[in-house]
Amino acid sequence: MLPREENELLARVGHSTPMGGTMRLYWIPALLARELAEPDGPPVRVRLLGEDLVAFRDSEGHIGLVDEYCPHRRASLWFGRNEESGLRCVYHGWKFAVDGSCVEQMNEPEPFCHKVHLTAYPTVEMGGVIWTYMGPPERTPPVPKFAWTQAPQTHRHVSKVIQECNWLQALEGGLDTSHAPIMHRLLKDNAGRGGISPSSAYVRAKAPSIVVDLTDYGYQYAGIRALGDDEQHIRTYHFILPFHQIRASRSERGNPVDAGHIWVPIDDENTMVYNWAYSVTDEPLTDQDRLERGIGNGPLHVDQTTFRSKANRSNDYLIDRAVQKTLSFTGIDGVNVQDRAIQETMGSIVDRSKEHLGPADKAIIQLRRLLRQAVNTATEGGTPAGVRPSYYRLRAAETVAPRTSDWRVSVPQGLSREEILQTV
Ligand code: FES
Ligand SMILES: [Fe+2]
């Protein structure tokens, strides 16, 4: 459990909060690159860490991410004209370049542009995502060159979906291997829907022991499950501060991919979940893979204009009680729809003072400790974990190995002893 004040400190990310200040020291996904497909196209609303912003791609293809509200008299720039290398407010015609500088004031006989500035955040486009940095310029981190962002577009896929609860309980769900073969299990191998088959090693194995290897970007952790008398099922994940998960997975067609989520706070009570995957073989991803049918993050499950989940709180996530009896553990369609549903039932910001944690929650306990340490480090002016580029080449794995084997050796792409700071 967490005392109430500690819970508030970790969960809230507004401008003047400790966690909000810490998160602003990292590159943060702001929107998908495909949302700004063309120069001079329509601006896009972006709400990030409680701030209302507008993104636009100017005539030269440069990306602006600026305060939504015009510094003249606060009209929304989302209604603005994106034209001739800038975004023009339609109320009195003030115009702004991507760096926030004011370049025209149509209603002023003697313009005073040099006295006006619109808040603008720097961006980088990487991996089909437009990232921004909202912290002090002198602390700008190295660019977020995760391995998945470097995969060719043919082999990579990224989507996003709104989750209606605080970012931290969503992130905690992503670092909680103990729930996965329970909540996401199917009741029949041929259930014809997304989920984990009852005949798979993941479901057949016993409840996991959790081992956490602390690193300078966060941690690698493994869920180790006894499987029969002689074998063990091993699944590793990486957590990179402040909100990234990497895991081994399979595409819709069953080909090996690395995959992960990024849980980006829209504000304290809403989260934009980015879902990425890339093929780790020569095989490109297919249109079928990009539908994300089984995991429930693609156009079949998520409105691609609003990025809202079609199955949501207002319709009880379209739970089907007959399916729950016969085909799937939850009766809700889509693995990540199940995650969003159940994490939203915990409340907008879960009251962690009422929890009862056990050894299966070890990775979650460590996650909270690392976030607390990052806040302490950032508050003292230091560089928190996950800023330095030590996470660039990380991979995760899932395998079955002899019971007697050392999982750090039997797991491909596991970390070397030197890369592990401490095991807990
Ligand atoms: S409010 Fe934008 S130009 Fe006046
Ligand atoms: Fe899950």
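Trainee: How are the donor residues of the iron ion (ligand 2) spaced in sequence?
Mentor: The pattern is H-x4-H-x154-D. Keep in mind that this is a predicted model.

Trainee: And where do histidine 179 and aspartate 339 lie?
Mentor: Histidine 179 sits in the loop between α3 (167-174) and α4 (180-183), while aspartate 339 belongs to helix α8 (residues 335-345), so the pair ties together parts that are 160 residues apart in sequence.

Trainee: Which atoms are the protein donors of the iron ion (ligand 2)?
Mentor: His179 and His184 each give NE2, and Asp339 is listed with two OD donors. They lie 2.0 to 2.7 Å from the iron ion.

Trainee: Why is the arrangement around the iron ion (ligand 2) called irregular?
Mentor: Because the angles subtended by the four donor atoms run from 52 to 150°. To count as tetrahedral, four donors need all angles between 85 and 135 degrees.

Trainee: Is histidine 179 buried or exposed? And aspartate 339?
Mentor: Histidine 179 is buried, at a relative accessible area of 17%. Aspartate 339 counts as buried too, with 12% relative accessibility.

Trainee: Switching to helices: how do the axes of α1 and α9 cross?
Mentor: Helix α1 (residues 4-11) and helix α9 (residues 362-379) have axes that come within 10 Å and cross at roughly 75°. That makes α1 roughly perpendicular to α9.

Trainee: Which residues make the contact?
Mentor: From α1 you have Glu6, Leu9 and Leu10, and from α9 Arg368, Leu371, Arg372 and Val375. By class, that contact has four nonpolar and three charged residues, with no polar ones.

Trainee: Which residues of α1 are buried, and what do they pack against?
Mentor: Asn7, Leu9, Leu10 and Ala11 are the buried residues of α1. They pack against α2 (18-23), α3 and α9.

Trainee: One more, then. Where is proline 242 found?
Mentor: Look in the loop between β14 (231-240) and β15 (244-250). Proline 242 counts as buried, at 2% relative accessibility.

Trainee: What is proline 242 in contact with, leaving aside its neighbours within four places in sequence?
Mentor: Met23, Tyr26, Trp167, Leu171 and Leu371. You'll remember Leu371 from the contact of α9 with α1.

Trainee: How far is proline 242 from methionine 126?
Mentor: The two are 116 residues apart in sequence and 18 Å apart in space, C-alpha to C-alpha.

Technical notes:
Residues are numbered from 1 along each chain as its sequence is written. Chains are lettered from A and ligands numbered from 1 in the order in which they are written. This is a predicted model: local features need pLDDT of at least 70, side-chain atom pairs count only at pLDDT 80 or more; totals for chains, interfaces and linings use all residues. Side-chain values use heavy atoms; hydrogens and water are left out. Donors are N, O and S atoms within 2.8 Å of the metal (3.2 Å for Na, K and Ca); water is not among the atoms, so sites may look incomplete. Four donors count as tetrahedral if all angles lie between 85 and 135 degrees; four count as square planar and six as octahedral if opposite donors are over 155 degrees apart and all others between 65 and 115; anything else is irregular. Helices (H or I, at least four residues) and strands (E, at least two) are DSSP runs, numbered from the N terminus. Buried means under 20% relative accessible area, exposed over 50%, partly exposed in between (1.4 Å probe, protein chains only). Axes are lines fitted to C-alpha atoms, for helices over the stretch in contact, and angles run from 0 to 180 degrees between N-to-C directions. Angles under 35 degrees count as roughly parallel, over 145 as roughly antiparallel, 65 to 115 as roughly perpendicular and the rest as oblique. Contact means heavy atoms within 4.5 Å. Ala, Val, Leu, Ile, Met, Phe, Trp, Tyr, Cys and Pro count as nonpolar, Asp, Glu, Lys and Arg as charged, and the others, Gly among them, as polar.
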